[in-house]
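Me: I would like to go through a protein model with you, in questions and answers. Please look at it first.

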Amino acid sequence: MSAPARPALKAGDFKSDLKPVWCPGCGDYHVLLSFGRALAQIGVPPEEVVVISGIGCSSRIPAYMNCYGFHGVHGRSLALATGVKVARPELTVIAAGGDGDGFSIGGNHFLHACRRNIDLTYVVMDNRVYGMTKGQPSPTTEPDWDSALSPGGTGLSPFHPMVIALASGANFVARTFSGDPAGTARVIAEAVRHPGFSFVQVLSPCVTFRPDARDWKGAVHAAPVEPTDDPARAARRIMTDDGFNTGILYRGARRPYPTGGGGAAAPAAPAAPAELAAEFVL
Ligand SMILES: Cc1ncc(C[n+]2csc(CCOP(=O)(O)OP(=O)(O)O)c2C)c(N)n1
Ligand code: SF4
């Protein structure tokens with residue numbers, strides 16, 4: 001007798017019983033909803049999903065999800081996600097966190113995760129500020145953003161995550177806005193399905209320490225172009241970007257780093273733990 005068919009998944013199937021402690025109006029609520037919708041669209045069951053984060057308000061997301069999760073240390077979500085994917089390639093692995101977590105302390109890991117091109121999805125909830133530690137400028141903060149902690153602004157050029165991702169070898173690069181949860185869910189679902197390292201920058205306002213970010217709603221606009229598989233074209237587009245274009249910029253065809261799992265990569269067989277251990281015997 002065959003097993004009864006599992007009912008279609010819903011976004012709510014990916015929600016845990018914990019009530020988020022984010023401030024009312026924080027963009028991250030919508031990102032949480034988009035994660036659930038994306039995974040339900042893909043049809044991957046909660047027990048085959050792992051969401052891994054660092055530290056920050058946005059990095060609380062694994063606790064609010066019903067799937068496997070790991071709330072790690074600051075800036076190290078990609079190191080953990082890489083380890084999980086290599087050990088359990090059949091799982092859907094998503095790393096998530098903030099712009100401080102991913103581009104300051106975790107910046108080096110971001111570059112090399114793009115370069116390695118392991119089949120992971122990395123979602124950064126970019127609010128252009130350190131929310132959890134009460135409003136310090138982050139790598140993506142505008143140079144003239146004035147605040148009590150950076151009077152007159154930092155004067156520093158912001159880090160441009162999509163350009164860096166593209167230049168470092170990411171295989172899928174996109175930007176969305178948290179205020180468009182349906183669009184964000186569609187893009188996250190595509191990012192998860194795309195082989196290799198996928199990077200999604202979600203503009204997600206911190207309404208408490210950047211009340212000006214409420215205006216992003218009027219600033220975001222769908223990119224007036226189709227995604228490209230040509231990195232040079234993607235780079236030219238992004239260099240003239242105003243930071244508020246949304247959509248999929250780039251879908252590449254680089255072969256993902258073999259992790260021993262299925263998928264498009266025709267991977268090598270994984271080493272047995274005993275073989276790995278033997279390599280480390282002194
Ligand atoms: C090693 C280490 N350094 C610094 C901190 C303090 N810290 C916690 S969260 C954070 C930044 C959070 O900003 P972001 O990643 O942008 O996330 P948000 O809170 O804005 O979602 C910092 C600096 C820490 N927890 N660990
Ligand atoms: S401090 Fe900012 S990022 Fe953190 S929960 Fe509040 S609104 Fe969201």
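Reply: A residue is buried if its relative accessible area is under 20%, exposed if over 50%, and partly exposed in between, with a 1.4 Å probe and protein chains only. This is a predicted model, in which local features need pLDDT of at least 70 and side-chain atom pairs count only at pLDDT 80 or more, while totals for chains, interfaces and linings use all residues. Residues are numbered from 1 along each chain as its sequence is written, chains are lettered from A and ligands numbered from 1 in the order in which they are written, and side-chain values use heavy atoms, with hydrogens and water left out.

Me: What percentage of the residues in the protein is buried?
Reply: The protein has 282 residues, and the cut-off for buried is the one just given. The buried share is 50%.

Me: Which strands pair with β3, and in what sense?
Reply: Two strands pair if DSSP finds at least two bridges between them. β1 (residues 49–53) and β3 have 5 bridges in the parallel sense, with Ser53 opposite Ala96. β3 also has 5 parallel bridges to β4, where Ala95 stands opposite Tyr122. The partners are β1 and β4, both parallel.

Me: How many residues of strand β3 are buried?
Reply: Strand β3 covers residues 92–98 and is mostly covered. In a regular strand the side chains alternate between the two faces of the sheet. The number of buried residues in β3 is 7 of 7.

Me: How many salt bridges are there in the whole structure?
Reply: A salt bridge needs a side-chain nitrogen of Lys or Arg within 4 Å of a carboxyl oxygen of Asp or Glu. Lys10 and Asp13 meet this rule at 3.8 Å; Lys10 is exposed at 53% and Asp13 partly exposed at 25%. The search finds 7.

Me: How many residues apart are Glu142 and Arg210?
Reply: The two side chains form a salt bridge at 2.8 Å, N to O. Glu142 lies in the loop between β4 (121–126) and α5 (161–168), and Arg210 in the loop between β6 (198–203) and α7 (216–219), a separation of 68 residues.

Me: How many charged residues are in the shell around ligand 2?
Reply: A residue is near the ligand if one of its heavy atoms lies within 4 Å of it, and the shell includes Trp22, Cys206 and Phe209. Ala, Val, Leu, Ile, Met, Phe, Trp, Tyr, Cys and Pro count as nonpolar, Asp, Glu, Lys and Arg as charged, and the others, Gly among them, as polar. The shell has 7 nonpolar residues, 3 polar and no charged ones.

How values were computed
Helices (H or I, at least four residues) and strands (E, at least two) are DSSP runs, numbered from the N terminus.
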